Amino acid sequence: MTGDGMNPSRRALLGGAALTAFTAAAGAGKATAATRTSSPRWPTEFPLPDGFLPEGIAIGREPYAYMGSRANGAIYRTDLRTGKGGLLFAGGTDLVAVGLKLDSDGLLYVAGNTGVARTHDSRTGDVVATHQLSEATGHFINDVTLLGDRAWFTDSRAAALYGVPRGRSGAVRTLPLTGDWVQLPDVNNANGIVGAPGGRALIVVKSTPGELYKVSTRTGHATRITLVGAANVVNGDGLYRIGRTLYVVQNRLNVISVFHLNRSSTRATLTGTITDPRFDVPTTAARFANRLYLVNARFTSPQIPETTFTGVAVPI
């Protein structure tokens, strides 16, 4: 991901609804989804199956969003041009799909909650590999990002990250979190994860009490990032980064907080927030062109087969 800089927040309109937002000034970079074009006619909201229980979303170079189900590990694919989609992977008993990331080779990495990560073929939905990252109990494999030669997974219930080799084989690496990291009992700790600028470290959000950390992929040393303009990022969930601009999805607050990172990624200054009346506990975000796409997990609504779910897009 490339780009740098952030303009002050402004008032904008999206689909006739008032939106608190800002304009991100992104620099040029290698061809990614960010450099593709999208039409204003593309839908800014699309349905997911009733009872799907979505949480993760991933988008690659093409205009397709992949979303995972907490209910049974299913994967749903939506064409962003039309808002229409269908099941790519039907899921199964005892399967979960939380965070997702799509690699350039077509492999989709899926955080599976109970100590498990899976790799799917994004064209067919087939399971390519299953990785047992930890014991099934006492762990919550929550989110994933791609950095270097590994897909890095967070564990909300243990002080460790897990590095799965990108591709179809290789040993999993367990990276204990040290330094400033203090694991809290009986709450979700590490949640969203993204690569830091420079490609040698990771940024992890600690949902409780709402902190950001820079983590060395070599040693696991975690440095707490100083927040400027914000007391915390409580309920921090998915992370997305464009250059030194970091988007933090704060799920139950129905807001995306936007920070500018200093050169060493040790300080994050709040530059704006994004809210939208269509947000209903958004969890994670993915980008295509000048939009962020999010899924509404609706944690505060009944999680039953009849509950409706949507994905929404906001401009950046």
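Here is a short chat about a predicted model and the cavity inside it.

Colleague: New to this one. How many helices and strands does the protein have?

Modeller: It's a predicted model, and the protein has zero helices and 28 strands.

Colleague: Okay, and what share of the residues counts as buried?

Modeller: 55% of the 316 residues. The accessible surface of the protein is about 12700 Å², with 50% of that belonging to carbon and sulfur atoms.

Colleague: How many cavities of 30 Å³ or more turn up in a search of the whole structure?

Modeller: One. The volume of that largest cavity is about 50 Å³.

Colleague: Which strands each supply at least two residues of its lining?

Modeller: Four names to look for: β4 (54-59), β8 (100-102), β22 (236-242) and β26 (282-288). The lining residues include Gly56 and Ile57, Leu100 and Lys101, Gly238 and Leu239, and Thr284 and Ala285. Gly99 and Asp143 also line the cavity.

Colleague: Switching topic: what is the mean pLDDT of the protein?

Modeller: The mean is 90, and 88% of the residues reach 70 or more.

Colleague: And where does pLDDT stay under 50?

Modeller: Over residues 1-31. The model does have 80 contacts beyond four places in sequence for that stretch.

Colleague: Last one: among contacts with a separation of 6 or more, what share comes from residues 24 or more positions apart?

Modeller: Those account for 48% in the protein.

Methods
Residues are numbered from 1 along each chain as its sequence is written. This is a predicted model: local features need pLDDT of at least 70, side-chain atom pairs count only at pLDDT 80 or more; totals for chains, interfaces and linings use all residues. Side-chain values use heavy atoms; hydrogens and water are left out. On a 1 Å grid over the protein atoms alone, a cavity is a set of points where a 1.4 Å probe fits but cannot get out, and a pocket is an open set with protein on both sides within 12 Å along at least five of seven lines; lining residues have an atom within 4 Å of a point. Grid points are joined across faces, edges and corners, and a volume is the space filled by probe spheres set on the points. Buried means under 20% relative accessible area, exposed over 50%, partly exposed in between (1.4 Å probe, protein chains only). Contact means heavy atoms within 4.5 Å. Accessible areas come from the Shrake-Rupley method with a 1.4 Å probe; for residues, only the protein chains shown count as cover. pLDDT is the predictor's confidence in each residue, from 0 to 100.
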